[in-house]
Structures are given as structure tokens and as C-alpha cells.
Amino acid sequence: MTDSSTDLPFPLTEGRDKGYDRAAVDAFLARARAAFEEQSDDVDAEQVRAAAFPLVRGGYRVASVDAALARVEDAFAARERDQAVRADGAGAWVARVREDAQVVLDRLQRPAGERFDRVGLLRFGYARSEVDLVADRIVAYLSHGDPLSVEQVRQTAFRMTRDGYREEQVDAVLDAVIEVMLAVR
């Protein structure tokens, strides 16, 4: 008799720990693989980055799936970069990436505490001081080439506080930073 858990693509959580729903992860990764192999536009790097799965007991371990998704996103980003360079030339690609980087830089160079909309005193948003520290690191990376990895940006997490920054705006800028970083790899 064989242990079916050894045939699984990711380790499972145990006990009360929750992990990503196995069926949802398997379906998304199958769709992503098919899109990549068929050179289809059904899935792209942005969709991989935004993928979210329900948390359930006995699911796949989050860290393992997230690491795999990072590799899948990297592969899609490289393919998209190669396609854009073939279609429009390297000069156009570089110009677009510079433009995207400048938009991010303009946003993050705003004064601390004013970089994003705030949610208000009665609602919770990302802790402004923590977001501002990460923003300063990104500005140093984009302006001066200070060390910062895609993984560090991907793994950024913030505490929730009253009167914090609006989550959606911060997340959108972090996604744009990742796009720029993957574009110049």
C-alpha cells in the first residue's frame, strides 16, 4: 500500500493549522501550466501574483504554495518581457519600464504619512509608519540601486491600525514595484 500524500505537489498542514484549499490550488496551477505551455494569454504574471485561495484544514502549506507561485510568476514575467521585446524592441520595453518605475517613484517620494489615502479613524488600514519604511527602501532601490529583492517585496506584511493607509492602494503600488523588478531581471 502506498502513501498517497507522497504524490501531492505540496506538503499538507496538520492538526488545526489551515492551508490553501488543495482543489483550488491544483485547478489554478493546471490552468497556469496550460496557458504557459500553449503560449496562451489566459493567465499572466499579474494574475499569478493576485491568486488567492481559501484557507482550510488539511490544505497545502501556504509557504510552499507561495514559493511555487513566485516561480510561476517569474516564468510568466520573463515570457511577457521576451514577447514585448520581440514585438516592440528593447528600447520600447526599457522606456515602458522606466515610465512605470517613475510613476511608482513619484508616489513613494511623497512626504511620510501622506503617500496613500487613509481609511479614517474608525477603520483599519496598513500601519503608516511601516508602509513608509518600506516605501523608503523602494525609493532607495529605484533611485540609487540599493539592494532589495523581489522576494522581500512579495513577503512584505503590515500591521493593521486605525487611520492607516488604504490597503488597496498600497497593494497596487507593491504589485507595480514587483512588475518593475521582474521586468529588469
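How many aromatic pairs does the count come to?

Reply: Bear in mind that this is a predicted model. With that said, the count comes to six aromatic pairs.

Take F28 and F53, one of those pairs. Their rings sit edge-to-face, 5.9 Å centre to centre, with 70° between the planes; the planes count as edge-to-face because that angle is over 60 degrees. F28 belongs to helix α1 (residues 22-37), while F53 is in the loop between α2 (45-50) and β2 (55-57), so this contact ties together parts that lie 25 residues apart in sequence. As for burial, the cut-off is under 20% relative accessible area. F28 comes out at 10% relative accessibility, so F28 is buried, and F53, at 11%, counts as buried too.

Now have a look at F116 and Y165. Their ring centres are 5.2 Å apart and the planes meet at 70°, which means this pair is edge-to-face. It also links distant parts of the chain: F116 is in the loop between α4 (90-108) and β3 (124-126), Y165 is in the loop between β4 (160-162) and α7 (167-183), and the two are 49 residues apart. F116 has 5% relative accessibility and so counts as buried. Y165 is buried as well, with a relative accessible area of 0%.

Methods: Residues numbered from 1 in each chain as written. Predicted model: local features only at pLDDT ≥ 70, side-chain atom pairs only at ≥ 80, totals over all residues. Heavy atoms only, no water. Phe/Tyr/Trp six-rings, centres within 6.5 Å; stacked < 30°, edge-to-face > 60°. Helix = DSSP H or I, 4+ residues; strand = E, 2+ residues; numbered from the N terminus. Buried < 20%, exposed > 50% of the residue type's maximum accessible area, 1.4 Å probe, protein only.
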